[in-house]
Amino acid sequence: MPANILEYLCRRLDNRFIFISDGATWIKNWISDAFPQAISILDYYHVCEHLHLFTSNYFTDKAKEKLWVNQQKDLLLESKVLTVIENIQALAGQNKEAQKLIAYYEGNSDRMDYKNYQQMGSGIIGSGAIESAHRTVVQKRMKQSGQRWSIRGAQHMLNLRVVRKNLQWSKIIELTKSDFRAAA
């Protein structure tokens, strides 16, 4: 288990950190300030969620909505966020929700180069796997009724939980067979 919790929050590629986050401004600013050389990716699925929220309130014909949304998603995967912004503008003009979505995309367009992210080897453009691991590895064990943890105790429990989830429990069994008195 890494000594630094940041190892859990990001992956390394060519000695750079890669962060995947939603559109929260404070997270974007923290990454920019703390890790100016890092690659910051806006979670593709959050981007699509915002798109769906807009279109569900705009379109009345669900078939047309689905077609239009899928075209925009394909464009986003091709790193054509400016084209998507133009398409939203052409579709909805000065609609308040459209302008809100456009502002979100414009404010994060530098973190939406999904085609490049997939080609450079990071491979992950969404945080779902990380969120799922957090639920199954951390929360399921650490947030049970009545539990209280010291920082040290929580870290030890999480270390064991990670080993177990990685199917490496045999290493713990071998460690318990060691004669610690002889080693001392």
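This is a predicted model: local features need pLDDT of at least 70, side-chain atom pairs count only at pLDDT 80 or more; totals for chains, interfaces and linings use all residues.

User: Why is the contact between lysine 28 and aspartate 110 called a salt bridge?

Analyst: A salt bridge needs a side-chain nitrogen of Lys or Arg within 4 Å of a carboxyl oxygen of Asp or Glu. For lysine 28 and aspartate 110, the closest N and O atoms are 3.8 Å apart, so the pair qualifies. Lysine 28 lies in helix 2 (residues 25–34) and aspartate 110 in the loop between helix 6 (96–108) and helix 7 (114–119), so the bridge ties together parts 82 residues apart in sequence. Helices here are DSSP runs (H or I, at least four residues), numbered from the N terminus.

User: What makes aspartate 110 exposed?

Analyst: Exposed means over 50% relative accessible area, buried under 20%, and partly exposed in between (1.4 Å probe, protein chains only). Aspartate 110 has 54%, so it is exposed. Lysine 28, at 22%, counts as partly exposed.

User: How many salt bridges does the structure hold?

Analyst: The structure holds three. Lysine 62 and glutamate 65 meet at 3.1 Å, N to O; both lie in helix 4 (residues 62–77), three residues apart, about one turn of the helix. Glutamate 65 has a relative accessible area of 8%, so it falls under the 20% limit and is buried. Lysine 115 and glutamate 78 also form a salt bridge, at 3.2 Å, N to O. That pair links helix 7 to the loop between helix 4 and helix 5 (81–92), 37 residues apart.

User: What is noted about the phi of serine 79?

Analyst: Phi of serine 79 is near 65°, a positive value in a residue other than glycine. Serine 79 lies in the loop between helix 4 and helix 5. Leucine 167 also has a positive phi, of about 55°, although it is not a glycine.

User: Which residues make the nonpolar surface patch?

Analyst: Leu160, Trp169 and Ile173 make a patch of about 240 Å². Patch residues have over 30% relative accessible area and no salt bridge; like charges are joined within 9 Å, nonpolar side chains (Val, Leu, Ile, Met, Phe, Trp, Tyr) within 5 Å. Areas come from the Shrake-Rupley method with a 1.4 Å probe. Leucine 160, at 33%, is partly exposed, so it passes the 30% limit.

Definitions and conventions
Residues are numbered from 1 along each chain as its sequence is written. Side-chain values use heavy atoms; hydrogens and water are left out. Helices (H or I, at least four residues) and strands (E, at least two) are DSSP runs, numbered from the N terminus.
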